[in-house]
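Student: I would like to learn how to read a structure like this one, feature by feature. Could you give me the general idea each time and then the case at hand?

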Amino acid sequence: MSWGRRLVRVASPLAALGVWQLLTSLDVNLWLRFEQFPTVVEVASALADRIGTEAYWQDLGHSLRRIALGFLLAAVLGVAAGTAVARSRWAADVLGPLVEVVRPVPAIALVPVAILLLPTNEQGIVFITCAAAFFPVLVSTRHAVRALDPVWEEAVLTMGGGRVRVLFSVVLPGALPGIFGGLSVGIGVAWICVISAEMISGEYGVGYRTWQDYTVVDYPGVFVGMATIGVLGRLTSTAVEGLGRRVTAWLPSAAEGGAAGGAAGPVRSAGSAPAPAHRTDTADPASPEGPTGPAPGAPADSAIARASVALPVPDKEPVT
């Protein structure tokens, strides 16, 4: 990233804080009533006071624990359910209608269900957090798995691999970019719902404390809670995206993909697996497939024909 872009990214929030301070200190009232807003200085002072208290860090710990439990459950269940729906007609027929009926329901609307179903408020908040993140992960996983090129699965089956080998060697690695896209969306939605659930039925947590500050008309405290939520959301989202980049480091970068696409053809979509290197020294130039793949119009109606193009050719002489 260039220094110019770094400067813009730093200057943008500073400029927003400057405008906020100016409008609130001058008590501007042009339809929007800024005279009731606390100034940036008041919020910063309240934040400095809160950071030195044990209650602030206790609330932070409760919210982070709820997010961690709910999001991890949603990640595991969402990836498993999304893969099952995409790969199995039986799972699609059984789970698909249920998912499409429940998915439009806001997770925060499940608070009465959580109160009636689960014995403690803590478990209810984790349940709501999990429900919020579950559907983005499931939908992204389902689309990513369905978008995979079937030639890779057929190649593994041709070489004697079973369904488990196909799942862990082709399906899940190929769908990782789409899965992490869903996880990135899910962590943001999870924060929205965990804060709302803490406001409604929590006893501790950042959301609970923010609502308590509002009820006692402590507006600087309300903005301290909002700032804390924003920072926590940014940190967790950055962590998920960083993990995704590390796990999918084997994928070609945008610059490499652009260079390769300009030289050899179009760039594949992010959900498809990278093509293995082709061996051309053992291919028969006189064959219909040519040295690098099937010629235009050549038949390829079997998995063996397609796999022979996608997979490297062994060094030994072919059996005649």
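Student: Which residues does Arg142 touch, not counting residues up to four places away in sequence?

Tutor: Before the answer, please note that this is a predicted model, in which local features need pLDDT of at least 70 and side-chain atom pairs count only at pLDDT 80 or more, while totals for chains, interfaces and linings use all residues. Residues are numbered from 1 along each chain as its sequence is written, and side-chain values use heavy atoms, with hydrogens and water left out. Contact means heavy atoms within 4.5 Å, and with residues up to four places away in sequence set aside, Arg142 touches Gly82, Val85, Ala86 and Glu100.

Student: Where does Arg142 lie, and what joins its side chain to that of Glu100?

Tutor: Helices (H or I, at least four residues) and strands (E, at least two) are DSSP runs, numbered from the N terminus, and Arg142 has its place in helix α6, residues 121-146. A polar contact is a pair of N or O atoms within 3.5 Å; within protein, one must be able to donate a hydrogen and the other to accept it, and residues adjacent in sequence count only if both atoms are side-chain atoms. The side chains of Arg142 and Glu100 are joined by such a contact of 3.2 Å.

Student: Is Arg142 buried or exposed?

Tutor: Buried means under 20% relative accessible area, exposed over 50%, and partly exposed in between, with a 1.4 Å probe and protein chains only. Arg142 counts as buried because its relative accessibility is 11%. Of the 320 residues of the chain, 33% count as buried.

Student: Which residues touch the most other members of the largest nonpolar core?

Tutor: In soluble globular proteins, nonpolar side chains tend to be buried together. A nonpolar core is a set of buried Ala, Val, Leu, Ile, Met, Phe, Trp, Tyr and Cys residues joined through side-chain atoms within 4.5 Å. The largest one here has 51 residues, and Ile128, Leu183 and Trp191 touch the most other members. Helix α8 gives the most to this core, with 15 residues. Leu183, for its part, touches Phe71, Ala75, Val137 and Val240, again not counting residues up to four places away in sequence.

Student: How many aromatic pairs are there, and how are the rings of Phe134 and Phe135 arranged?

Tutor: Rings of Phe, Tyr and Trp (its six-membered ring) pair if their centres lie within 6.5 Å; planes under 30 degrees apart count as stacked, over 60 as edge-to-face and the rest as tilted. By this rule there are 6 aromatic pairs. Phe134 and Phe135 form an edge-to-face pair, 5.1 Å centre to centre, with 75 degrees between the planes. The pair of Trp211 and Tyr214 is tilted, because the planes stand at 35 degrees, with the ring centres 5.3 Å apart. Phe134 is buried at 17% relative accessible area, as is Phe135 at 15%, whereas Trp211 is partly exposed at 40% and Tyr214 is partly exposed at 45%.

Student: How many disulfides does a search of the whole structure find?

Tutor: A disulfide is a pair of cysteine sulfur atoms within 2.5 Å, and the search finds 0 of them. Cys130 counts as buried at 10% relative accessibility, and Cys193 is buried with a relative accessible area of 8%.
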